[in-house]
Amino acid sequence: ALGAPDDRKRTQEALRDIAQDARHCGRIVRGVLEFASGPKQAPRPCDLNAIARRCAPEIVPDAAERGAQLRLDLEEGLAPVAGSESALEQVLVNLVWNAIEASAREVVVRSGARDGEVELCVVDDGSGIPQEDQGRVFDPLFSTRASHGGTGLGLALAQGIVQAYGGRIELQSRPGHGTSVSV
């Protein structure tokens, strides 16, 4: 019968999936616009820890729906970095979303100082990136998950934003053992 509990449950699951995909698309569109227009303002001092804490509540529900847990491991007292808070939020959300889509069960956002630089890392225990693809993951429209809806824009946008503010992104990955992306 129409309106039976099974139908309502399927409808609720479908609506939850639609909402999750809409949030993901919104993040991609914001990133494309930020990337296309370039830095909108002069770089300002940004607190990476504050950005991570602000993004976490937005990401946690999506992570939980995919069976992943997000954990923050933030070193206190870090120097501010020059950039745009909204752009750096976009970078962080893209990196965490990639980890979630790589079947990670745990995603750790870690900050720290290393060799006189401030670093923000997203470390996951997901499927990792095949060695032959690691040199291409920052290329626009390249995706290791194209058959699963990957756009190939997330890492390209993240790299463009970070480079626009004088930073760099480094990636380390072992297939079957996860990935670490450092900004």
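What volume does the second largest pocket have?

## Second largest pocket

In this predicted model, the second largest pocket has a volume of about 400 Å³. A pocket here is an open set of points on a 1 Å grid over the protein atoms alone, where a 1.4 Å probe fits, with protein on both sides within 12 Å along at least five of seven lines, and lining residues have an atom within 4 Å of a point. Of its 20 lining residues, Val-118, Val-162, Gly-167, Arg-168 and Val-183 are the closest to the centre.

Strand S3 (81-83), H3, strand S5 (117-124) and helix H4 (154-164) each give two or more residues to this lining, and S5 contributes the largest share, four residues. Helices (H or I, at least four residues) and strands (E, at least two) are DSSP runs, numbered from the N terminus.

## Helix H3

The end C-alpha atoms of H3 (residues 85-101) are 24 Å apart, in agreement with the 24 Å that its 17 residues should span at 1.5 Å a residue, the expected span being 1.5 Å times one less than the number of residues. Of these 17 residues, 13 are buried (under 20% relative accessible area, with exposed over 50% and partly exposed in between, for a 1.4 Å probe and protein chains only).

## Positive phi in two loops

Ser-103, in the loop between H3 and strand S4 (106-114), has a positive phi near 65° and is partly exposed at 46% relative accessible area. Asp-115, in the loop between S4 and S5, has a positive phi of about 50° although it is not a glycine, and counts as exposed at 71% relative accessibility.

## Basis

Residues are numbered from 1 along each chain as its sequence is written, and side-chain values use heavy atoms, without hydrogens or water. Local features need pLDDT of at least 70 and side-chain atom pairs count only at pLDDT 80 or more, whereas totals for chains, interfaces and linings use all residues.

Terms used
Points joined across faces, edges and corners; volume = space filled by probe spheres on them.
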